[in-house]
Amino acid sequence: MAESTKPVTTAFIRKKKETGIPVTMITAYDYPTAKLVEEAGVDMILVGDSLGMVVLGYDSTVPVTMEDMIHHTKAVTRAAKRALVVADLPFLSYHGTVEEAVKNAGRLMQEGLAKAVKMEGGNEIVPIVIRCVQAGIPVVGHIGLTPQAVHQLGGYKVQGRDLQAAKRLLSDAFALQEAGVFALVLEAVPEEVAAQIASKLSIPVIGIGAGVHCDGQVLVFHDLVGYASQLTPRFVKRYTDIGEQIRAAVASYVQEVEARAFPAPEHVFHATEETIQQLYGEGVSKP
């Protein structure tokens, strides 16, 4: 039991690759969700820029800002005392100069209190990863389907289907490992390609739509529990449908309020008889 309360570290995540026990990762964007998923025993909490779609109502992750990410990361880190909190660097926050990228990554740790950052891309972001690691900022890589580049990719499509694309993914994975990432997210990649990448790397490969042979899995919380999730990708397993439960509960509330069935006697407070008499006067009927 004592072991389960120890904070999860980057070293612990790396060690899981050696033990063969898969890494568990899930997104959270607020205090109550982070508290619940941590209590459930997840290893890593990702404050993903997916919050743009599942929390803020955008149609992609592109509009998410640094201020959005810091705000939500602060909420998550107030709840997560054991799980390793990783925060996404949002669109264009690391695509300018290396200095600007390091500054933004540092803000997620200094202001948001994240323990690591995640960034999308392969060989092209290697200089940024190297500089962040040199600055003491742990980095998680992300290749395959990279949502920030959805418009360039032409939609949410599986990546690495042909040999050339698969080799490019393997090249990106090796480059990121060499640059110093301690884990790699692999999204929407054929299972056979993901298995090859996971077997070649010494760091954990965490899949999302990349098959069972990865060293761990990550899912978006809202997809997993059916919480007003707009998308239902093939790779998502819905473990419950809290959205339906919430709708039913609120509908019952509306009906009871309109019927004056709520609040019931057990939900109200009463003044003293003396106060009631003084307030309404003798002989006046009370409500």
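1. In this predicted model, aspartate 88 touches Leu46, Val47, Gly48, Asp49, Met69, Leu108 and Lys118, when residues up to four places away in sequence are not counted. Aspartate 88 itself belongs to strand S3, which covers residues 84-88. Its relative accessible area is 3%; because buried means under 20%, aspartate 88 counts as buried.

2. One of the contacts of aspartate 88 is Asp49, a residue that sits in the loop between strand S2 (44-47) and helix H3 (51-54). Aspartate 49 is also buried, its relative accessible area being 4%. With neighbours within four places in sequence left aside, aspartate 49 is in contact with Thr61, Val64, Met69, Asp88, Leu89, Pro90, Glu120 and Gln148.

3. An unreviewed UniProt entry places the feature "binding site" at Asp49, Asp88 and Glu120. These positions span 72 residues in sequence, yet no two of their C-alpha atoms are more than 11.0 Å apart, so they gather at one spot. Of these residues, Glu120 is included in the lining of the second largest pocket.

4. The second largest pocket holds about 470 Å³ of space. It is lined by 22 residues, of which Gly121, Glu124, Gly144, Thr146 and Ala149 are the closest to its centre. Strand S5 (139-144), helix H7 (150-153) and helix H8 (163-179) are the elements that give two or more residues to this lining. Helix H8 provides the largest share, namely four residues.

5. Within H6 (residues 126-134), Val126, Ile128, Val129 and Cys132 are buried. These residues cover an arc of only 160° around the axis, which puts them on the same side of H6. They pack against helix H5 (98-110), strand S4 (116-120), S5 and H8. Glycine 136, with a positive phi near 90°, follows H6.

6. In H1 (residues 10-19), the buried residues are Ile13, Lys16 and Lys17. Viewed down the helix axis, the buried residues of H1 fall within an arc of 105°, so they line one face of the helix. Their cover includes strand S1 (23-27), S2, S3 and helix H9 (191-200). Of these elements, S3 is the strand that holds aspartate 88. After H1 comes glycine 20, whose phi is positive, near 85°.

7. Phenylalanine 235 lies in the loop between helix H10 (221-225) and helix H11 (242-258). Beyond its neighbours within four places in sequence, phenylalanine 235 is in contact with Glu187, Ile208, Gly209 and Leu219. Alanine 210 is 25 residues away from phenylalanine 235 in sequence, and their C-alpha atoms are 8.1 Å apart in space.

8. As to overall architecture, the chain is divided into domain 1 (10-240) and domain 2 (245-280). A distance of 46 Å separates the C-alpha centres of domain 1 and domain 2.

Methods:
Residues numbered from 1 in each chain as written. Predicted model: local features only at pLDDT ≥ 70, side-chain atom pairs only at ≥ 80, totals over all residues. Heavy atoms only, no water. Domains from an automatic or database assignment. UniProt positions renumbered as here; feature names shortened; annotations may be inferred. 1 Å grid on protein atoms, 1.4 Å probe; cavity = no way out; pocket = protein on both sides within 12 Å on 5 of 7 lines; lining within 4 Å. Buried < 20%, exposed > 50% of the residue type's maximum accessible area, 1.4 Å probe, protein only. Contact = heavy atoms within 4.5 Å. Arc of directions from axis to C-beta. Points joined across faces, edges and corners; volume = space filled by probe spheres on them.
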